[in-house]
Amino acid sequence: MTDRRELPTYTVSEAAHYLSVPAATIRYWSVGRGSYLPLIDVPSRGPPTLVSFLNLTELHVLSALRRKHQVKMPAVREAIQHLARLAQTPIDARHPLVSRVLATDGVHVFTDYYGQLINLSRSGQAVIREVIAGALKATRARSGRDPYQALPLYPALRQECSGSGLD
């Protein structure tokens, strides 16, 4: 059975609208550009390019890292690659940005790994938590056991039109 959160649901324009991010940026992160590979694994590269709910949450995290915390793209790319290497399930490997709670100091991306704070932008280098704790900012909140459950993002889902008199 396919996880409904991975179904191609949102167009680039819809994702851009929900996240208040330019459509060109969403397309670049989802499809890539020139020699730059995409940052997320989307179910449909198009045309039209469609993203899933989990992709939408990944784009939300990317937006926070890039626009709010101003982490440079090479550090983000390295963090994504290292998160994928740490993945313990196939869904975590496909959606590494929402598989763990992330934090940043505005330069690097960090996560907890077996109780150790690691720098994902530096290939998982361990860091001394007490030294940088004051500079860290969480990129998203999460509660409960399901890492995909309580993300602070609530886009409207497309509704089926058949039988509603709208088709």
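At 30% relative accessibility, Tyr 18 counts as partly exposed, a class that lies between buried (under 20% relative accessible area) and exposed (over 50%), as judged with a 1.4 Å probe and protein chains only. Its partner in an edge-to-face aromatic pair is Tyr 10, with 5.7 Å from centre to centre and 85 degrees between the planes; Tyr 10 is buried, at a relative accessible area of 2%. The structure is a predicted model, in which local features need pLDDT of at least 70 and side-chain atom pairs count only at pLDDT 80 or more, whereas totals for chains, interfaces and linings use all residues. Residues are numbered from 1 along each chain as its sequence is written, and side-chain values use heavy atoms, with hydrogens and water left out.

A search of the whole structure finds 2 aromatic pairs, where rings of Phe, Tyr and Trp (its six-membered ring) pair if their centres lie within 6.5 Å, and planes under 30 degrees apart count as stacked, over 60 as edge-to-face and the rest as tilted. Tyr 113 and Tyr 114 also form an edge-to-face pair, at 4.8 Å centre to centre and 70 degrees between the planes. Of these two residues, Tyr 113 is partly exposed at 26% relative accessibility, while Tyr 114 is exposed at 69%. A further ring, that of Tyr 28, has Arg 33 over its face at 4.2 Å from the ring centre; a charge sits over a ring if NZ of Lys or CZ of Arg is within 6 Å of the ring centre and within 35 degrees of the ring normal.

The protein chain contains 6 helices and 7 strands, taken as DSSP runs numbered from the N terminus (helices H or I, at least four residues; strands E, at least two). From the N terminus on, these elements follow the order β-α-α-β-α-α-α-β-β-β-β-α-β. Of the 167 residues in the chain, 44% are buried.

When residues up to four places away in sequence are not counted, Ile 26 touches Val 12, Ala 15, Ala 16, Leu 19, Val 21 and Leu 59, contact meaning heavy atoms within 4.5 Å.
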